[in-house]
Amino acid sequence: YERMLALRPDGVFLTVENRVAQERLRALNIAYVALDTASLAGIMSAILEVGAQCRQNERAAALVKEMRQAVCDLSDRVRRDGRRRSVMVTVGRDFNAGTIRDVCLAGKNTIYDEMLEILSAENVVHGGLPYAPVGREGVIRMNPDVIIDLAPDMAARCRGLDVSATGSRPARALALRPLAREGLALRTGR
């Protein structure tokens, strides 16, 4: 927080879930905007809010319009394909001696599950937990068609993990980088 104070930002963006940082920023008299990014609609609203705060309303609106169109186009393309794939979304993991020990998967009621629904894909996590920890055996038992990895280096580590041990198809692992980082400071030059 000292480095943030030294930057003298006009404001800070963070997620609504980050209550500890909100309290600390409030105590330091640093303005902040708490954004709800737990859903696709929330992310789009957050983009519009950031655009408004940065006096970039038109650019933000254009980006949201582009995102909505991309979601519609992708949803149409997937519907035409007709094949429903099982997908595992990894959001964290613990490696022990170079092997996968525990993996945290995105479950129900998360933005990741919402995106899978748009793609007509089946989330391999069943039940009501938003995030589910599973071990190596659980990953093998779920036998996904696709693994989308949001945890760095997971795809490389998955190369040695045969998730098709109980089925006939190998999973395809996709490593994705986060698109944004929480806590970016806002400077408007005022």
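This is a predicted model: local features need pLDDT of at least 70, side-chain atom pairs count only at pLDDT 80 or more; totals for chains, interfaces and linings use all residues.
Trainee: Okay. Among contacts between residues at least 6 apart in sequence, what share joins residues at least 24 apart?
Mentor: In this protein, 58%.
Trainee: And how many helices and strands are there?
Mentor: The protein has 7 helices and 9 strands.
Trainee: What percentage of the residues count as buried?
Mentor: Of 190 residues, 33% are buried. The accessible surface is about 12,100 Å², and carbon and sulfur atoms account for 52% of that.
Trainee: Let's zoom in on H2. Which of its residues are buried?
Mentor: H2 spans residues 19-27, and its buried residues are Ala-21, Gln-22 and Leu-25.
Trainee: Why do they line one face of the helix?
Mentor: Look down the axis of H2: the buried residues fall within an arc of 105°, so they line one face.
Trainee: What covers them?
Mentor: The cover includes helix H1 (2-7), strand S1 (11-15) and strand S2 (32-35).
Trainee: Which exposed residues sit on the face turned away?
Mentor: Arg-19, Val-20 and Ala-27. Just after H2, Asn-29 has a positive phi of about 60°.
Trainee: New topic. Where is Glu-17?
Mentor: In the loop between S1 and H2.
Trainee: What does Glu-17 touch, leaving out residues up to four places away in sequence?
Mentor: Asp-36 and Ala-38. As for Leu-35, its C-alpha is 8.7 Å from that of Glu-17, with 18 residues of sequence separation.

Definitions and conventions: Residues are numbered from 1 along each chain as its sequence is written. Side-chain values use heavy atoms; hydrogens and water are left out. Helices (H or I, at least four residues) and strands (E, at least two) are DSSP runs, numbered from the N terminus. Buried means under 20% relative accessible area, exposed over 50%, partly exposed in between (1.4 Å probe, protein chains only). Contact means heavy atoms within 4.5 Å. Accessible areas come from the Shrake-Rupley method with a 1.4 Å probe; for residues, only the protein chains shown count as cover. The arc is that of the directions from the helix axis to the C-beta atoms.
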